[in-house]
Amino acid sequence: MTNANYVLEVKNLSKNFKEKKVIDNASFAINRNSIVGIIGKNGAGKTTLMRMIMGFLKADKGEITVDGEKVSFGETSGKIAFMSDVPVFYDYMTACEYMKFVAELKGIEKTKISDVISKYLDAVGLVESKDKKIGGFSRGMRQRLGIAQCLIGNPSIIIFDEPMSALDPGGRAEVIEIMKRIKERTSILLSTHLVSDIEKLCDDVIILENGETKKMEKDRRENLFGKSKMIEISFDFQQEDEMNLLEEKLKNMGAECKKNGNELYVIDSNNIFLKEIYTYFSKESSLHYPVSIRSLSTNVEDLI
C-alpha cells in the first residue's frame, strides 16, 4: 500500500557491486510538490541510487514506486525526468528545434507541441532566445534549457544531479529561482554538495552514509547551515599578538573561532561578524591589516 501524499517511495533498497555494499536497505519518501536534497560524501552511492530510481540499474532488493507505480529495471517512466550536471545538446539546433525534437520523442501530440515549447521556454526565461543556436548559449542558458526539456510531458518528479555546479553566481541564482517556481508543478530530488543550495531550496534533506539513508532533522540542518558561513582571516607570521587580540574580542561577542597556524576561522551564521572585523581593523590604528579576509563557501562533505 502506497501513501497518496508521496510522489516517490523507496523501500528497503539494496545494491552490491561484487563484495561491496553500495546501498544498504535504503528507505525514504518524497512528498508531492516538494524539493528534497540528497547529500553524501564522494562515493557514498548517490549516483547508484539515482540510477536505480530511474530504472537504469537493477536493485538487488527492495522496491521503488512513483505515483504508486512500481519502477522496473529497463523500463523508463515518463513520470521521471533527469538532468545531469552538464546536459548535452545538439549545438547546431536552435532551442525551439531541440524542444520540438524532445516533445516528439516523448509522444506529445503534434497539435500541442508549439504551445508546449512556448510554455516551458517561458518558464525558464528563454523565449527570446528560442531561435538562437544552442552552440552559442552560455552555461547558465544551457542549464535552463535542460530544465525546460525536463518539464515536457509533465513528469511527477525531476532528478537533478549537481545542476548548479560550475555556474557563476548570476547563473546559480537564476536556476535556483526557476526550481522554486517549478516546484508548483512537480517534485524535485536534488543531489548537491553545496550547502547554500540545500539551505535555499530544500524542504527536506536525506543523508546517504555507509549505504544507508536517513532524514536530516531540523536542528542538525540549522547547525549545518550555520557552520557553512565561515570567515577566514590570514595574518603574516609577525601578527600573532594581533590575531590573539581579535580572537579574544570575537569570542567575547559570542563568535566561535578556531586558529590554524597563521589563519583564524570564524563561524558567522548570522552574518554579523564580518562587518565587526573590518570595523575593528579600521578603528585600531596600532594594528596592521591582515594579509586577507574572505568568506568561505563550504561543501556538504566537509560538514557531515
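Tutor: Before we start: buried means under 20% relative accessible area, and exposed means over 50%. Also, this is a predicted model.

Student: Okay, helix H8 then. Which residues in H8 are buried?

Tutor: In H8, the buried ones are Glu-242, Met-243, Leu-246, Glu-247 and Leu-250. They lie on the same side of H8, because they cover an arc of only 135 degrees around the axis.

Student: How far apart are the end C-alpha atoms of H8?

Tutor: They're 18 Å apart. H8 covers residues 240-252, and at 1.5 Å a residue its 13 residues should span 18 Å, so the two agree.

Student: Switching to strands. Do S3 and S9 run parallel or antiparallel, and how many bridges join them?

Tutor: Parallel, with four bridges between S3 (residues 35-39) and S9 (residues 204-209). Across that pairing, Ile-206 in S9 sits opposite Ile-38.

Student: What about S9 and S10, which sense is that pairing?

Tutor: Antiparallel, again over four bridges, with S10 being residues 212-215. Here Lys-214 in S10 is opposite Ile-207.

Student: How many residues sit between S9 and S10 in the hairpin?

Tutor: Two, and Asn-210 in that turn has a positive phi of about 55 degrees.

Methods: Residues numbered from 1 in each chain as written. Predicted model: local features only at pLDDT ≥ 70, side-chain atom pairs only at ≥ 80, totals over all residues. Heavy atoms only, no water. Expected span 1.5 Å × (residues − 1). Buried < 20%, exposed > 50% of the residue type's maximum accessible area, 1.4 Å probe, protein only. Arc of directions from axis to C-beta. Pairing = 2+ DSSP bridges.
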